[in-house]
Amino acid sequence: MTKQQANWSPYDNNGGSCVAIAGADYCVIAADTRMSTGYNILTREYSKITKLADKCMMASSGFQADVKALQKLLAARHLIYQHQHNKQMSCPAMAQLLSNTLYYKRFFPYYSFNVLGGLDSEGKGCVYTYDAVGSYERVGYSSQGSGSTLIMPFLDNQLKSPSPLLLPAQDAVTPLSESEAVDLVKTVFASATERDIYTGDKLEIVVVNAEGIRSEYMDLRKD
Amino acid sequence: MFRNQYDTDVTTWSPAGRLFQVEYAMEAVKQGSAAIGLRSKTHVILACVNKASSELSSHQKKIFKVDDHIGVAIAGLTADGRVLSRYMRNECINYNFTYESPLPVGRLVVQLADKAQVCTQRSWKRPYGVGLLVAGLDESGAHLYYNCPSGNYFEYQAFAIGSRSQAAKTYLERRFENFMGSSREDLIKDALISVRETLQGEKLKSSICTVAVVGVGEAFHILDQETVQQLIDSFELVREDEPPAPEAGDAVADQSEASAPVAEEGAAPMDI
């Protein structure tokens, strides 16, 4: 008597990679625009980045149907918050809300790997990284998705302190300027595209700073 | 005559076929401070008089944003109005979540009316003591509705509710035929003049009146005090040119207001 196996899965992985880097007064959030299933491409122009609040963006890779449902839920919750408090949700508040929302479905999770990026209440850049069930941490930079195993070590190399023995302890070797961060993101995606088959087509970069939100696009390899 | 015998309970009819509890609820609306609404083809304006219970306290919030395309002004029990606004906001959010499009105003108003009707047919409930002027925009154009504690609702070109609203209604009745083609600015001006009518001589200042706008390409929002004061100032100059007719109209309105409570044997208000 062998254990019964499921003959279908409620989940699918649409692939793709997301990255976010926080700066002193800005935050860069980026994701590729390829949506795939198995070895096929569904579309080359799908945005994985969404605006949750005035200074808060979310990039999510994984199962895009779950991502879409999650985005809609958070948008509705944000509206309710605005009605009750007469103001926009701050990035840290949204971060907690996202965590709670994910854990709510602990036993049938959103197959969504998220990176939240924006400005905190003091105007400094902040990045929050999540797993599928809501465990989260504020960090200086993070990546999620199919290319994250390729991207994360590279970001660690560029952004983390050279050695833990170095005193005083530093988060980053040098604080990056906004344009340096954007260039780094472009480099990182170009490299990830080379080796990860699920990453490519186009790169969408969103920069959040005191002036507002701006978007930028860059072509990636389409193979 | 029979009024006191059959008015204890909302589920008791009077011999004349009236539900007095519901009519009393509508009285509560008349006690609240005035709220006015008017609409053109492309815009809807809500304006209301803000009365504070004392100089030390803040003003009652009488205009609520329900969604980008819908707003509501209330008169009567503000607490009931707050609760109903929360319900309306919820309905809009849920509809948008399911259908990815804004809730048509007519639908929201019917849901509100049905909610009010429930309270007129349950012995353990009481009717909501608040009248709502619902202003909204949808695919079929600009709309202004009045929702009553009785569960009735009507669409209006322009309407006023609350205390001394008759003065505003008289002014609106004279001018409403032009509203459909009015510009946004003219509509706001008419709204402010209507508010002034209800003040009966008291000076119109932005501190005692709130104005909100919703229109094509313009999400529902409440105008800030400065803007309202500027608008008041810009047409105050016209006040000198206003014909004496409004003054005479006010005197007549006062008399009819005083005689209204006496007319108990007339048609039940909710049948109108």
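The model is predicted, with local features needing pLDDT of at least 70, side-chain atom pairs counting only at pLDDT 80 or more, and totals for chains, interfaces and linings using all residues. Residues are numbered from 1 along each chain as its sequence is written, chains are lettered from A and ligands numbered from 1 in the order in which they are written, and side-chain values use heavy atoms, with hydrogens and water left out.

Chain A has four helices and twelve strands (DSSP runs: H or I of at least four residues for helices, E of at least two for strands, numbered from the N terminus). Its radius of gyration is 18 Å, close to the 17 Å that the globule rule gives for 223 residues, so chain A is as compact as a globular protein of that length (taken over C-alpha atoms; the rule is 2.2 Å times the number of residues to the power 0.38). The C-alpha trace of chain A spans about 60 × 45 × 35 Å along its principal axes. Of the 223 residues in chain A, 44% are buried (under 20% relative accessible area, 1.4 Å probe, protein chains only).

Over in chain B, Ser33(B) sits in the loop between helix H1 (20-31) and strand S1 (35-39). Ser33(B) counts as buried because its relative accessibility is 17%. Its side chain reaches the backbone oxygen of Val49(B) at 3.2 Å. Leaving out residues up to four places away in sequence, Ser33(B) touches Val49(B), Lys51(B), Lys62(B), Ala75(B), Ile161(B), Gly162(B) and Ser163(B) (heavy atoms within 4.5 Å).

Technical notes
Buried means under 20% relative accessible area, exposed over 50%, partly exposed in between (1.4 Å probe, protein chains only). A polar contact is a pair of N or O atoms within 3.5 Å; within protein, one must be able to donate a hydrogen and the other to accept it, and residues adjacent in sequence count only if both atoms are side-chain atoms.
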